[in-house]
Amino acid sequence: MGLVGLQLTVAVALSLVDSYRRRGKRPKPFPVTGPGTVPVGDGEITTYTFGRDLYDDMLAAIDGAKKQILFETYIWKGDEIGWKFKTALAAAADRGVDVHCIYDGFANMVVSPAFKRFPPSLKVLRYPVWTAGFRVWDLRRYGRNHRKMLVVDEEVAFLGGYNIGSAYATEWRDTHVRITGPGVWDMKRAFADFWNLNRHHRLRRNDRPLLIETASDWDPQIRVHKNIPRQWNFPIRSMYLEAIARATRNIWLTTAYFLPDQDFVDALAEAARRGVDVRILLPLKSNHIVADWISRGYYGQLLTAGARILRFKDAMVHAKTATIDGSWSTVGTANIDRLSLQGNYEINLEVIDPAFAAVMEEVFTNDESNCLELTLSEWEARDLNRKFTESFLAPLRPLL
C-alpha cells in the first residue's frame, strides 16, 4: 500500500508540475482538412477535423430542428461555445422541439453551477459523479459517460471526439463525423438506451421512457458499437482486434491516450511483423502527463516489431480514429486505454467503405505532416531517469 501511495503521489506531482508549466501557453496552429462528404450506403458521411467547422454545422442542425433533439456530451464548458449550445437548445425547446440532453457530472465538476441550471423546457440528465450508490462492489456501475453525440429529427447525427467548449473549437485537433441515412436510427437508439437506463437519476422521476420506433432499414456498411458497462458489454475492443487481425496492407491509428492491454499490443506487433504498415499517431504531449509516461512502456515492443510511432506536435490531438487496408475505418469516442475499452460508456462508428477510408487516410496523412517520428534508436537512447519513471509508474496502468 505504501508503494502504491508513493506511485500516486509521484503521479499527482507530475500533473501539478505540468499544469504549472502550461500556464499562459497557447497551442500553435496545426494543419487541418476542411469538411469532406462522401456517400456511404443510403446516406452520407461528412468528416470534421476542426472544431469551429463542426460547431457551426451542429448549431445549424439544432436551429433547423422541427421535432426532436438528442444531445449528449462528456464535457460541456460554461464558456462562449458552451453558452451558444445551451441557448440554441433552449430556443429549440421554446419553439416546441422535444429536447433531451445528457452530460457527465464528474467531467463538469469545475463548470459553474449557474451554467448547469437549465430551463424546465429542456429535459436534462446529469450523469452523477457517484453512480454505484450502495453497491460499491459492483464494478459495472463505475463507468463514466464519455460519449459525444447529437441526433436531430432522425435525419442527421453527429459523433466523434469533440467535447463542447471554446478551446476545442480552435486549439485541439479532433475528429467528428456527421451521418445521414439509416445509421441515424442506430444513434438515436443508443441515446434512448442510455437515457432509459439512467433516467431515474433525474429529479423528475415521473418522466416517461424515451420511446423510439423500430428501424425499417439496415445499412450493411455502417455499424454503431456501444460500450455498456452496466451490461458488461464492450464490443469496441473486439471490433478493433478483429479488424487488426484481418489487416494485410496498413493500420493507421490515431488516439489521444495509448494505454492498451497486452493483447492489444500483441495484435499490433504481430501485424507489423507480418508486413502490415502499422502507424500509431499520438500527441507529443497530451493534456494528461501521467498517461503519457505510462503509455511509453509499450513503445519498445511496438518499435522492435516494426510499427511506427508518430507524435503530433504543438497541439493536443484528441481524435479516436483508425483506418485499415483502404476499406475499414472507425471514428468515435473511445480511446485506446482501459477506461475507454473496458470501463466507460463509449460509442464508435464502424464503416466499411473505400471512399470513406480514402478520406480517413487523407486526414491521417495531413496529421502526419505535423508529427515527429520516434525511432527505435532514439527510444533506446533515452536517459535512465526516464526509464526509471516509466517503470515506476507502470503499475498504475490498470487505473487508466
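Biologist: Which backbone oxygen does the side chain of Asn108 reach at 2.7 Å?
Modeller: This is a predicted model, and in it Asn108 sits in the loop that links strand 4 (98-104) to strand 5 (123-127). The side chain of Asn108 reaches, at 2.7 Å, the backbone oxygen of Asp104.

Biologist: And which backbone nitrogen does the side chain of Asn108 reach?
Modeller: Setting aside residues up to four places away in sequence, Asn108 touches residues including Tyr74, Ile75, Trp76 and Lys77. The backbone nitrogen that the Asn108 side chain reaches, at 2.7 Å, is that of Trp76.

Biologist: Does Asn108 count as buried or exposed?
Modeller: The cut-off for buried is under 20% relative accessible area. Because the relative accessibility of Asn108 is 1%, Asn108 counts as buried.

Biologist: Turning to Arg249, what is the C-alpha to C-alpha distance between Arg249 and Ile324?
Modeller: Arg249 belongs to the loop between helix 6 (235-246) and strand 11 (250-254). Although Arg249 and Ile324 are 75 residues apart in sequence, their C-alpha to C-alpha separation in space is 7.4 Å.

Biologist: With which side chain does the side chain of Arg249 make a polar contact of 2.8 Å?
Modeller: The side chain of Arg249 makes a polar contact of 3.1 Å with the side chain of Asn250. Apart from neighbours within four places in sequence, Arg249 is in contact with Val276, Asp277, Asp325, Gly326 and Glu361. The polar contact of 2.8 Å joins the side chain of Arg249 to that of Glu361.

Key
Residues are numbered from 1 along each chain as its sequence is written. This is a predicted model: local features need pLDDT of at least 70, side-chain atom pairs count only at pLDDT 80 or more; totals for chains, interfaces and linings use all residues. Side-chain values use heavy atoms; hydrogens and water are left out. Helices (H or I, at least four residues) and strands (E, at least two) are DSSP runs, numbered from the N terminus. Buried means under 20% relative accessible area, exposed over 50%, partly exposed in between (1.4 Å probe, protein chains only). A polar contact is a pair of N or O atoms within 3.5 Å; within protein, one must be able to donate a hydrogen and the other to accept it, and residues adjacent in sequence count only if both atoms are side-chain atoms. Contact means heavy atoms within 4.5 Å.
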